[in-house]
Amino acid sequence: MLITMPSEPSPHPFSIAAPTKLDLNAIEACFALDQLVFAGFWSANQWHQELQSKSNLCFGYWCVEKPNQLIGLICGCVVAEELQISMVAVDPNKQQQGLGRSLLQALLACAKSMGCQEASLEVSAKNKAAIALYEQAGFTTCGIRKSYYRNGDNALIKVKRFCEVLT
């Protein structure tokens, strides 16, 4: 009789290490995740520009089982002392697992270490999960862009200040 030991637990479906900085080598993976999550918010050329620019910060999580597949990403641009977050995308099958929160924390920490004083972003007024994530991270609503998205949704303008101005 052959006795087998229980197998090792299967690997976590995504890297539990810190998100990695994305570069031009990630264009196809970024484009594919954008297609999956947003039906192509940016073109391949726009992704090239995003990943090439020195003022942009992009981080992502790679799938362990499929090393060329991104399962989460975040991008932002540093302008003066402000981080402008342009995209947060998490594979729908991996949402509600803390990936978005981890990506946001990594990007905010990087921007703060670069001397940024605040971060801003737009989010659909109907995206309750994203709004909750941003509010938990300290973002507050400071304005609305009417019919901002292709589908007609309004965008909430959210801001997070890294430090208070002393007067």
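## Sheet

Two strands pair if DSSP finds at least two bridges between them. In this predicted model, strand 3 (70–79) and strand 4 (82–90) pair in the antiparallel sense over eight bridges. Within this part of the structure, Leu73 stands opposite Ala89 in strand 4.

Seven strands make up an open sheet with mixed pairing, in the order 1-2-3-4-5-7-6. Strand 1 (20–21) and strand 6 (140–145) stand at the edges with a single partner strand each, so one side of each has no neighbour in the sheet.

## Helix 1

The 12 residues of helix 1, at 1.5 Å a residue, should span 16 Å, and this agrees with its end C-alpha atoms, which are 16 Å apart. Ile27, Ala29, Cys30, Leu33 and Asp34 are buried in helix 1. These buried residues fall within an arc of 165° when seen down the axis of helix 1, so they line one face of the helix.

The buried residues of helix 1 pack against helix 2, strand 2, strand 3 and strand 4. After helix 1 comes Ala39, with a positive phi near 55°.

## Helix 2

Helix 2 covers residues 44–52, and Trp47, Glu50 and Leu51 are buried there. Down the axis of helix 2, its buried residues fall within an arc of 90°, so they line one face of the helix. Their packing partners are helix 1 (27–38), strand 2 (56–62), strand 3 and strand 4.

## Helix 4

Helix 4 (residues 128–136) lies across strand 4, strand 5 (118–124), strand 6 and strand 7 (155–161). Helix 4 runs at about 165° to strand 5.

Note on methods. Residues numbered from 1 in each chain as written. Predicted model: local features only at pLDDT ≥ 70, side-chain atom pairs only at ≥ 80, totals over all residues. Heavy atoms only, no water. Buried < 20%, exposed > 50% of the residue type's maximum accessible area, 1.4 Å probe, protein only. Helix = DSSP H or I, 4+ residues; strand = E, 2+ residues; numbered from the N terminus. Arc of directions from axis to C-beta. Contact = heavy atoms within 4.5 Å. Expected span 1.5 Å × (residues − 1). Axes fitted to C-alpha atoms, helices over the stretch in contact; angles between N-to-C directions.
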